[in-house]
Amino acid sequence: MQQSNPSASIEQSGESDAVGSCTDPTRRAVLTALAGCACLAAIEPAAADDEDQPGASERPQKADQLVRAEGDKAGEVIKSDDLTLGGPPIRAWPRDPKTSVVRKGSRLNEVVLVKLDPKELDDATRARAPDGIVCYSVICSHAGCPITAWVKENQGDKNVLKCLCHNSEYDPRQDAQVVFGPAPRRLAALPLTVADGAITVAAPFVGKVGAQQGG
């Protein structure tokens, strides 16, 4: 009668266990790569979802909140106390208070806020700037670059909103009228309201948002 070989049985079990636990370097590398791809596939759509949600591309609506667009506090609701008199400005996105959808599906929805002395504002600007807080489209009307600077005006001593692409300057005290550079028109204004420190949109944009056509 032939006797079984215990050591052979153990070795075979060992080989089977080795395959099951993926000790083979090549197979383990393949499985690791596949797992990494699966993780990326799960993460990337989630990141894109923020801008694809219903309402994300709609223009600012009445009662929308304003949230920070950049920095460590990006996404936080902006309060009137967050703004310092005389600047610096804060860039923001509108957010639907009911759905919490941030309307950043279109770059034309980004705005810039700055707090000024109400006495410095003209009548049209003061009417939509509670506590001196003005809000304008961040898109330059010349070539569509974002407004990124708050600097002394080229021909005066007041701070103005400036596009560094072609040096267009806008005076936020005077309805964001062009005071220097090639921009063909003022920035679109977003009327605001403030209640208990909360800043919300009072009405849609006043004026055309975006760059000139064919420019």
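In this predicted model, Cys-140 has a relative accessibility of 1% and therefore counts as buried, the limit for that class being under 20%. The closest cysteine sulfur to that of Cys-140 belongs to Cys-163, at a distance of 3.9 Å, which is too far for a bond, because a disulfide requires the two sulfur atoms to lie within 2.5 Å. One disulfide is counted by this rule, and it joins Cys-145 to Cys-165 with an S to S distance of 2.2 Å. The torsion about the S-S bond of Cys-145 and Cys-165 is about -100°, so this disulfide is left-handed. Cys-145 is placed in the loop between β4 and β5, whereas Cys-165 is placed in the loop between β6 (159–162) and β7 (169–171), so the pair ties together parts that are 20 residues apart in sequence. The two partners fall into separate classes of accessibility: Cys-145 is buried, with a relative accessible area of 16%, while Cys-165, at 41% relative accessibility, counts as partly exposed.

Another cysteine, Cys-135, is found in strand β4 and is buried, its relative accessible area being 3%. When residues up to four places away in sequence are not counted, Cys-135 touches Leu-66, Val-111, Val-112 and Leu-113, together with Ala-188, Ala-189, Leu-190 and Leu-192. Along the chain, Cys-135 and Val-201 are 66 residues apart, and their C-alpha atoms are separated by 9.5 Å. Cys-135 also belongs to the lining of the largest cavity, in which about 40 Å³ of space lies; one cavity of 30 Å³ or more is counted by the rule applied here.

In soluble globular proteins, nonpolar side chains tend to be buried together. The largest nonpolar core of the model has 20 residues, and those with the most contacts inside it are Leu-116, Val-134, Tyr-136, Ile-147, Leu-161, Tyr-170 and Leu-187. Strands β3 (111–115) and β4 (133–137) each supply at least two residues of this core. A second, separate core of 16 residues includes Leu-83, Ala-92, Leu-192 and Val-209.

Strands β2 and β5 (149–152) each supply at least two residues of the pocket lining, which has, by class, eight nonpolar, one polar and three charged residues.

Glu-110, placed in the loop between β2 (90–95) and β3, is buried, with a relative accessible area of 10%. With residues up to four places away in sequence not counted, Glu-110 touches Ala-69, Arg-91, Ala-92, Trp-93, Tyr-136, Ser-137 and Val-138. Arg-95, by comparison, is placed in strand β2 and, at 19% relative accessibility, counts as buried because the limit is under 20%. The contacts of Arg-95, leaving aside its neighbours within four places in sequence, are Asp-64, Gln-65, Val-67, Gly-75, Val-77, Ser-100, Val-101 and Val-102. Arg-95 and Thr-200 are 105 residues apart in sequence, and the distance between them in space is 9.4 Å, C-alpha to C-alpha.

Terms used:
Residues numbered from 1 in each chain as written. Predicted model: local features only at pLDDT ≥ 70, side-chain atom pairs only at ≥ 80, totals over all residues. Heavy atoms only, no water. Core = buried A, V, L, I, M, F, W, Y, C linked by side-chain atoms within 4.5 Å. Buried < 20%, exposed > 50% of the residue type's maximum accessible area, 1.4 Å probe, protein only. Helix = DSSP H or I, 4+ residues; strand = E, 2+ residues; numbered from the N terminus. Contact = heavy atoms within 4.5 Å. Nonpolar A, V, L, I, M, F, W, Y, C, P; charged D, E, K, R; others polar. 1 Å grid on protein atoms, 1.4 Å probe; cavity = no way out; pocket = protein on both sides within 12 Å on 5 of 7 lines; lining within 4 Å. Points joined across faces, edges and corners; volume = space filled by probe spheres on them.
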